[in-house]
Amino acid sequence: MRERNYTYAVARIRSLETKLLDNAQMERLANATTLSEALAYLGETEYGAVLANLKNPHQFEDALNQELNRVIRLVMSLSEDAPELRAFIYRYDIENIKKILKSESSTADRLSNLGQWSPSWLVETMAAERYAEFPSELAEAIIVARRLYKENGDVQEIDRILDQAYFEIGYHLLKNGISELFFKWWIAMIDLTNLRTFVRMRLIGLAFAEYQRFFINYGKLTLDQFQELWDQPDEKVLSWLGTTPYDNLASNGAEVLSSLTVLEREYDNYLTRMIADAKYISLGVEPLAGYLIAKEIECKTLRIILVGKVNNVSIIKLKERLRRAYA
Amino acid sequence: MELRVNPTRMELLRLKKRLKVAVRGHKLLKDKFDELMKNFMQLVNESRRLRQEVESALADSMQGFMMARAVMSREALEGAIAFPKVKAEITASVKNVMSIQVPAFQLVEPEYKGGIYPYGFAQTSGELDQAIRKLSDSLKSLIELAEVEKTVELLAAEIERTRRRVNALEYVMIPQLQEKIKFIVMKLDENERGNLTRLMKIKDIVRSTENS
């Protein structure tokens with residue numbers, strides 16, 4: 001699809017973007033004293049329609065899923081199933097495939113319906129081992145993951161191989177795609193995922209050899225850089241981070257390397273900030289992906305707030321985890 | 001109370017023997033009871049300490065799971081932790097504490113090759129790592145707690161049984177035996193006095209017959 005074909009789609013997305021929740025609205029939701037209060041406020045927003053069907057306020061997760069599903073289907077139909085956008089939703093399919101590989105008895109009703117492929121089709125295709133129907137990188141990864149899992153029974157291997165396949169599929173889809181922003185965003189996601197894994201593994205106390213297994217290729221930050229930093233103190237890692245394109249994260253101080261809560265928040269904020277550039281592209285597929293990612297982050301933030309309200313998590317703890325809004 | 005007992009010397013001897021056994025049994029049971037109580041109190045303190053430790057670790061772990069649940073979708077979290085990476089084994093045997101058969105659990109630590117985390121790191125939240133770590137750390141204490149709590153339960157039942165036996169001996173059996181012994185002694189003494197009186201009377205009659 002050429003850029004000129006997105007005129008209607010971009011205009012539609014522009015109007016939908018105005019309905020995204022902004023930081024002030026998120027703060028107001030976080031300040032709600034009870035779940036009912038938060039849901040009542042959320043009912044006044046775009047989520048009103050899905051929340052109206054809730055039989056029990058604790059089923060808010062279903063409402064968030066319904067809303068996200070509606071947005072994914074809308075964006076995919078507006079883009080006429082652009083392959084670039086598929087990269088962003090394969091994540092849900094990979095999640096489902098992991099579940100099916102881990103348990104052969106997985107049923108479609110336990111799978112996410114947010115992906116490219118319907119859960120029942122996935123279950124059927126995986127059972128019949130018709131892997132050729134998947135992108136080649138994914139098909140290959142499924143075969144390797146299944147074989148390794150059968151050999152050593154290690155469920156982590158399934159996640160490791162399929163996660164790497166996910167980033168690889170996205171890389172190849174976006175590398176030769178029509179959007180440079182998407183490609184840069186994908187590379188940033190790979191780098192930040194590698195950085196997050198680096199911090200997590202250091203906090204857990206695993207060896208560098210383990211990190212090497214989980215390292216995702218195709219990023220700007222290389223494995224050698226991480227190897228050099230593996231045994232270094234946080235201060236040194238932080239000063240190195242300041243020299244990378246991700247220096248924004250270093251501005252949070254040492255906390256970004258000692259608190260996974262802060263790191264994950266900044267990870268999402270960085271990617272949101274980056275895709276927010278799509279707002280300045282008047283014609284193109286970027287605003288569609290920008291809206292989709294914004295909605296995903298919005299649903300994640302809402303889930304954090306609502307789960308926090310159900311479990312009486314303090315407002316301070318909730319606010320620590322609030323993601324920056326796209327709006 | 002009517003005492004159904006034969007006031008004979010044979011019965012007296014038999015009852016005295018039974019009393020001796022009962023007093024000795026009472027002393028032994030009382031000693032056992034004291035020792036059981038001592039062990040019980042130690043185990044109760046240990047159980048309280050372990051429970052606090054386990055509850056605090058589990059609360060921290062659940063808090064971590066809750067935060068991970070907030071950051072990750074239901075399906076993603078379920079897929080990440082539904083299947084374990086390592087499997088721990090527990091061997092159960094029986095040990096003897098003061099003649100009571102109590103369970104002994106032994107956790108066979110699995111080989112943590114590559115960590116305990118059953119998920120990949122790219123699509124999961126770091127909040128999950130801390131929750132899994134705390135849950136894994138609490139496993140040993142959890143099994144120890146199960147062993148101690150079951151031992152406390154069995155010990156409490158044994159203490160209750162021993163207390164009933166001690167009380168039965170102290171307040172029922174020993175007083176009854178003493179009562180019976182006292183009754184027989186009194187009866188035998190009374191018979192003795194009756195015989196003596198009869199003999200004296202016969203002697204008087206014989207003397208008066210000789211004089212007349």
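Student: Which are the buried residues of helix 3 (residues 35-42) of chain A?

Tutor: In this predicted model, the buried residues of helix 3 of chain A are A:L35, A:A38, A:L39, A:Y41 and A:L42.

Student: What makes these buried residues line one face of the helix?

Tutor: Looking down the axis of helix 3 of chain A, one finds its buried residues within an arc of 160 degrees, and so they line one face of the helix. These buried residues pack against helix 2 (23-30), helix 4 (48-52), helix 5 (60-78) and helix 17 (286-310) of chain A.

Student: Why is helix 3 of chain A called roughly antiparallel to helix 17 of chain A?

Tutor: The two helices pack at an angle of about 150 degrees, with their axes 8 Å apart. Angles over 145 degrees count as roughly antiparallel, and therefore helix 3 of chain A is described as roughly antiparallel to helix 17 of chain A. Helix 3 of chain A contributes A:L35, A:A38, A:L39 and A:L42 to the contact, while helix 17 of chain A contributes A:L302, A:L306, A:K309 and A:V310. By class, the residues of this contact divide into seven nonpolar, no polar and one charged.

Student: How many residues does the largest nonpolar core have, and which have the most contacts inside it?

Tutor: The largest nonpolar core has 142 residues, and those with the most contacts inside it are A:L85, A:F134 and A:W186. Helix 10 (residues 180-204) of chain A supplies the largest share of this core, namely 14 residues. Once residues up to four places away in sequence are set aside, A:W186 touches A:A87, A:Y166, A:F167, A:G170, A:Y171 and A:L174. There is also a second, separate core of 15 residues, which includes B:L43, B:L50, B:V148 and B:L155.

Student: Why does A:N194 count as buried?

Tutor: Buried means under 20% relative accessible area, and A:N194, at 0% relative accessibility, therefore counts as buried. This residue lies in helix 10 of chain A. Leaving aside neighbours within four places in sequence, A:N194 is in contact with A:Y211, A:F214, A:F215, A:I216 and A:F226.

Student: What makes A:Y246 buried, given that A:Y246 lies in a loop?

Tutor: The relative accessible area of A:Y246 is 3%, and the cut-off for buried is under 20%, so A:Y246 is classed as buried. The loop in question runs between helix 13 (234-241) and helix 14 (247-250) of chain A. Apart from neighbours within four places in sequence, A:Y246 is in contact with A:I187, A:A188, A:D191, A:L192, A:L221, A:L241 and A:Y270.

Student: Is A:E80 buried or exposed, and how do you know?

Tutor: Exposed means over 50% relative accessible area, and A:E80, at 57% relative accessibility, therefore counts as exposed. A:E80 is found in the loop between helix 5 and helix 6 (83-102) of chain A, and its phi is near 55 degrees, a positive value in a residue other than glycine.

Student: Why does A:N312 count as exposed?

Tutor: At 68% relative accessibility, A:N312 counts as exposed, because the cut-off for exposed is over 50%. A:N312 lies in the loop between helix 17 and helix 18 (315-321) of chain A, and the phi of A:N312 is near 55 degrees, a positive value in a residue other than glycine.

Student: What makes B:A92 exposed?

Tutor: B:A92 has a relative accessible area of 61%, and exposed means over 50%, so B:A92 is exposed. B:A92 lies in strand 1 (residues 89-97) of chain B, and, leaving aside neighbours within four places in sequence, B:A92 is in contact with B:A104 and B:F105.

Methods. Residues are numbered from 1 along each chain as its sequence is written. Chains are lettered from A and ligands numbered from 1 in the order in which they are written. This is a predicted model: local features need pLDDT of at least 70, side-chain atom pairs count only at pLDDT 80 or more; totals for chains, interfaces and linings use all residues. Side-chain values use heavy atoms; hydrogens and water are left out. A nonpolar core is a set of buried Ala, Val, Leu, Ile, Met, Phe, Trp, Tyr and Cys residues joined through side-chain atoms within 4.5 Å. Buried means under 20% relative accessible area, exposed over 50%, partly exposed in between (1.4 Å probe, protein chains only). Helices (H or I, at least four residues) and strands (E, at least two) are DSSP runs, numbered from the N terminus. Contact means heavy atoms within 4.5 Å. The arc is that of the directions from the helix axis to the C-beta atoms. Axes are lines fitted to C-alpha atoms, for helices over the stretch in contact, and angles run from 0 to 180 degrees between N-to-C directions. Angles under 35 degrees count as roughly parallel, over 145 as roughly antiparallel, 65 to 115 as roughly perpendicular and the rest as oblique. Ala, Val, Leu, Ile, Met, Phe, Trp, Tyr, Cys and Pro count as nonpolar, Asp, Glu, Lys and Arg as charged, and the others, Gly among them, as polar.
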